[in-house]
Amino acid sequence: MLLHLFALLVAATTALLIFAGGLVTSTGSGLSVPDWPNTYGWFMLTFPLDKMVGGIFYEHSHRLVASLVGLLIVTQAAWLWKAEPRHWVRRLGYIAVAAVVTQGILGGITVLWFLPAQISIAHAGLAQLVFCLAVSIALFTSAGWRRGYAGGHTPLDGDRPLQTIAILTTVVVYAQIIAGATMRHTGAGLAIPDFPLVFGSVVPPYWTPAIAIHYAHRVGALVVSACVLGTAGHVLYHHLGRQELRRPSLLLLALLAMQITLGGLTVLSGKHYIINSLHVVTGALVLGTSLVLTLRTCRSRFAVTEAGARDVDTLRESNRAYESSGEWTPTPGVPGARV
Amino acid sequence: MMRRFQVGVVVVALGAGAAACGGGSADDATSAPPAPLMSPVDAATAGNIIGRITFEDTPPQPGVILMDSDPNCVEPGVTATDETLVVGAAGALRNVFVYVKDGLGDLRFPIPSESLLLDQTGCLYAPHVMGAQMGQSLEILNSDPTLHNVHAVPVTNQEFNTGQPLPGMKHTHQFTTSEVMVPFKCDVHPWMFAWVGVVDHPFFAVTGADGSFNLEGLPPGTYTIEAWHESLGAQTQTVTIGEQETGDITFSFQA
């Protein structure tokens, strides 16, 4: 339980880090600290607080929060290594460490190479993957996941359409975030200055690379909306009684509405830095929620050694028995238990 | 698996290290042949091109720069104003970079030994617009009790971004390619901008409060003169001067 709470903390802090990163770009502060990993020659953690002025406040704060997230993710991996019986969950913890280290290095390269668009987009894209890893670990360590969401429900194996559209939605949301990052880091955020129309029309009357990128992001928003509505609609129509699916579906719909509103306000406000940054982090929340819904719909596809776990020792013992015998005996009373 | 990851991290880190060495304050060595020591212009026949630059519309009120994000920049009783469009008496347009754009042929000129100074004072770059000869040393000084980053964002020259956390810190740079103009900014203080025109000859000037300029010591010939302003764009004129003659031209900008 404590591990799950800690994983939730990691996920929440990662979302905060994405917001802080959004502030750096939105305020144009990406190069206000020209060196890395130091800050104006100081070791990062000893940089004087009274010198955190102007753009340095945003950039250095981003680095400090990133360091905290890195520390939390390393701690989480150590905790998983110590206490988590499922090897694939432990492995996720190690992958998260590798991802956050790579993310830090990408951030450094971004600064040292003067914010090249490709690296900056990769930095933004990997940030979302780190967040997805954090959300996944929090989900996999939750009591509900470990119980298999027991409640007299039939497994979702038969509802392949739901699993397909949920996976598609998550992939589309991630692609849309990459499109947004491309728009953001190529300076195309205001290439189309009106909203919801496009130069007073539905299709741009003329095209430039910036307009094309911006327009692709808007079209992407429509595709995401269709996918989210399809997934949530399916859940609410066919699985209304399943709390573990209904809740993320409703949250997904609310976040989608908020995200589209923030996107419009970002344009209409001339990219106000707070609105712009909220748009970035809400995109991450849409992705994380869609991922949770997707994983829950695919719950029975996972090896369910965790489902019958009473405690770590019991599970380790059953794992050893399974590995030595090559056969698996489902734990009695565990719904959907299979290899 | 882990070993491959470690190797990957090392490779990426080395790449980052190389970037740090290459992207900072290191000045590039030019591959061009060394500049001559003597000017090729015969002083006995040299002429001048003088002129005045005006703004023909109603000048806008200069905007006030809010420096609240850094308390070190705020001086009681002092109001900093935007230098983007500064118009003086009788429409005199300040901060226009004027230079010989064409007409010097293959003539090459010695690089001045004296350094130029771009100061950061009152959380503004001073001067706001200046010229430099290719290869000439440009010293960028922090005279403020706060930290700045000197961030040059040229197109053809090497970009650099150097931190100056302490007052009195100085960075010296030589541009290796002609470029009109090289923007300078400070990412800590987003209102700070400067423009440096880099040319491969000494015939350039920046208009002062009276909007006038003087390009001295030109050999007789026909020249294309360009006047560049950061918000009003650029204009060119052609002028011919004979031996010891002075050509007089005017530029007039509109909003």
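Which residue stands opposite B:His151 in β10(B)? In this predicted model, the residue opposite B:His151 is B:Lys185 of β10(B).

**Close-up 1. Strands β7, β10 and β11 of chain B.** Strand β7 (residues 148–152) of chain B is paired with strand β10 (residues 179–185) of chain B in the antiparallel sense, and the pairing runs over two bridges. On its part, β10(B) pairs with strand β11 (residues 193–199) of chain B, again in the antiparallel sense, over five bridges. Within this second pairing, B:Glu179 has B:Val198 in β11(B) as its bridge partner.

**Close-up 2. Helices α1 and α2 of chain A.** Helix α1 (residues 2–26) of chain A packs against helix α2 (residues 54–83) of chain A at an angle of about 160 degrees, and their axes lie 9 Å apart. Because angles over 145 degrees count as roughly antiparallel, α1(A) is roughly antiparallel to α2(A).

**Close-up 3. Helices α8 and α9 of chain A.** The axes of helix α8 (residues 243–268) of chain A and helix α9 (residues 273–297) of chain A cross at roughly 160 degrees and come within 9 Å, and α8(A) and α9(A) are therefore roughly antiparallel to each other. The crossing in which α8(A) passes α9(A) is left-handed, while the contact of α8(A) with α9(A) has, by class, 15 nonpolar, 11 polar and two charged residues.

Notes:
Residues are numbered from 1 along each chain as its sequence is written. Chains are lettered from A and ligands numbered from 1 in the order in which they are written. This is a predicted model: local features need pLDDT of at least 70, side-chain atom pairs count only at pLDDT 80 or more; totals for chains, interfaces and linings use all residues. Axes are lines fitted to C-alpha atoms, for helices over the stretch in contact, and angles run from 0 to 180 degrees between N-to-C directions. Helices (H or I, at least four residues) and strands (E, at least two) are DSSP runs, numbered from the N terminus. Angles under 35 degrees count as roughly parallel, over 145 as roughly antiparallel, 65 to 115 as roughly perpendicular and the rest as oblique. A crossing is left-handed if the near helix is turned anticlockwise from the far one by less than a right angle, and right-handed if clockwise. Ala, Val, Leu, Ile, Met, Phe, Trp, Tyr, Cys and Pro count as nonpolar, Asp, Glu, Lys and Arg as charged, and the others, Gly among them, as polar. Two strands pair if DSSP finds at least two bridges between them.
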